[in-house]
Amino acid sequence: MNPTPVTILGLGSMGRALAAAFVKAGHPTTVWNRTPGKAAELVAAGATEAATPAEAVAASPLVIAVLLDDAVARGVLESAAGSLPGRVVANLTNGTPAQARATAAWAAEQGAAYLDGGIMATPPLIGGPASFVLYSGDRAAFDRHEGALKVLGDARYLDADAGTASLYDLALLSGMYGLAAGVGHAFAMVGTERAGAFGAELLVPWLQAMAGVFAGPAAADMDSDSPLGMQAMALDNIVQASRDENVPRELEVHLLTMMREIVAAGHTEVLPPLIEEISGARA
Ligand code: FVH
């Protein structure tokens, strides 16, 4: 079977990586970007540059939008509305679930099938074993183009709600940014002089080992082996040591307050009440 022609709207660092993966996999690839000049390498490798979004959308049954944000993606798609009937739009631009649902409803009015997606990879990882992309929305459209979408990495369809992929994407990013906040605080505690060796030799191996604690049987072991009251004391010491070293500690104080509330409520295990506490704050 011939590889599906694919259009990429947006040639930022991610758009260029997606287009390069499709060209490499032998898909006829059409690209468009607002600012000219970003397509030269792709065109040299075999891609076709379109002059307008409408021309780019008309070129392929599968259209991938990967633009700065939701407003930009909507503007570009709206400018190509006349070419959209019969197309599958996979919008991989980062956005909120509400934005995804609104664009899905708009795309349906234009006669296009819609998938919203979240790219869980950086540009250099695209097409490699560590790359995966979350999709939700039109199941039939996903099934039709799953083979092409797998060029970018593992293609994981979630459900028919166009907002689910974005929700999961943002939740995964939240986990990453929480980790980044902790890592930043750890470096601030040890100071810049020792940060290099501390990070490479101690922090990274420690975090890799700890990542396994959040899932599966190890989570239960942590609850019994490392009870919450003990952990709250350690967190209290982190806050005190940070104060002594003049290191900002707002996030740790926030976590400590939640942990103390959980301990005061009589819990001894860690993750379930912590998740409950955070979810409770949502109401
Ligand atoms: N890069 C990454 O690591 C992450 C990985 C996870 C997914 N994100 C999301 O992907 C979307 C695109 O990100 P990007 O890295 O390609 O971003 P930029 O390199 O900044 O490129 C932005 C593109 O958007 C175009 N653009 C901006 N404003 C407009 C506009 N008003 N009209 C038309 N196009 C516009 C820009 O065009 P130009 O500036 O070259 O003319 C680029 O094509 C994003 O949602 C990430 O969150 C990436």
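## A covered strand to start with

Strand S6 is mostly covered, with eight of its eight residues buried; buried means under 20% relative accessible area, exposed over 50%, and partly exposed in between (1.4 Å probe, protein chains only). The covering applies to both faces of S6: Ala-113, Leu-115, Gly-117 and Ile-119 are buried on one side, and Tyr-114, Asp-116, Gly-118 and Met-120 on the other. Strands and helices here are DSSP runs, numbered from the N terminus (helices are H or I with at least four residues, strands are E with at least two).

A word on the model itself: it is predicted, so local features need pLDDT of at least 70 and side-chain atom pairs count only at pLDDT 80 or more, while totals for chains, interfaces and linings use all residues. Residues are numbered from 1 along each chain as its sequence is written, and side-chain values use heavy atoms, with hydrogens and water left out.

## The overall picture

The protein has twelve helices and eight strands. Its C-alpha trace spans about 60 × 45 × 35 Å along the principal axes. Of the 283 residues, 41% are buried. Among contacts (heavy atoms within 4.5 Å) with a separation of 6 or more, 61% are between residues 24 or more positions apart.

## The sheet

Follow the strands across and you will find an open sheet of eight, in the order S3-S2-S1-S4-S5-S6-S7-S8, with mixed pairing. Two strands pair if DSSP finds at least two bridges between them. The edges are S3 (48–49) and S8, each of which pairs on one side only. In general, strands of a sheet pair through backbone hydrogen bonds, either parallel or antiparallel.

Several neighbours can be checked one by one. S1 and S2 (residues 29–32) run parallel and are joined by four bridges, and Thr-7 has Thr-30 in S2 as its bridge partner. Helix H1 packs on the sheet, where it touches S1, S2, S4 and S6, and its direction makes about 165 degrees with that of S1. (Axes are lines fitted to C-alpha atoms, for helices over the stretch in contact, and angles run from 0 to 180 degrees between N-to-C directions.) S5 and S6 also pair in the parallel sense, over four bridges, with Ala-90 opposite Leu-115 in S6. S8 has a covered face, made of Ala-155 and Tyr-157, and an uncovered one with Asp-154 and Arg-156.

## The nonpolar cores

A nonpolar core is a set of buried Ala, Val, Leu, Ile, Met, Phe, Trp, Tyr and Cys residues joined through side-chain atoms within 4.5 Å. The largest one holds 35 residues, and those touching the most other members are Ile-8, Leu-18, Ile-64, Ile-119, Ile-126, Tyr-135 and Leu-152. Two or more residues come from each of S1 (6–9), H1 (13–24), S4 (62–65), S5 (88–91), S6 (113–120), S7 (132–137), H6 (139–149) and S8 (154–157). H1 gives the most, with seven residues.

Leaving aside residues up to four places away in sequence, its contacts include Leu-92, Asp-116, Phe-142, Leu-152, Ala-155 and Tyr-157. A second, separate core has 20 residues, including Ala-73, Leu-77, Trp-106 and Ala-112.

## Two helices side by side

Helices H4 (residues 70–79) and H5 (residues 97–110) have axes that come within 11 Å and cross at roughly 5 degrees. That makes H4 roughly parallel to H5; angles under 35 degrees count as roughly parallel, over 145 as roughly antiparallel, 65 to 115 as roughly perpendicular and the rest as oblique.

In this contact, Asp-70, Arg-74, Leu-77 and Glu-78 of H4 meet Gln-99, Ala-102, Thr-103 and Trp-106 of H5. These residues divide into three nonpolar, two polar and three charged. Here Ala, Val, Leu, Ile, Met, Phe, Trp, Tyr, Cys and Pro count as nonpolar, Asp, Glu, Lys and Arg as charged, and the others, Gly among them, as polar.

## Two loop residues

Pro-61 lies in the loop between helix H3 (53–58) and S4. Pro-61 counts as partly exposed because its relative accessibility is 31%. Not counting residues up to four places away in sequence, Pro-61 touches Thr-4, Pro-5, Arg-87, Val-88 and His-145.

Asn-246 sits in the loop between helix H10 (228–245) and helix H11 (250–264). With a relative accessible area of 68%, Asn-246 is exposed. Its phi is near 65 degrees, a positive value in a residue other than glycine.
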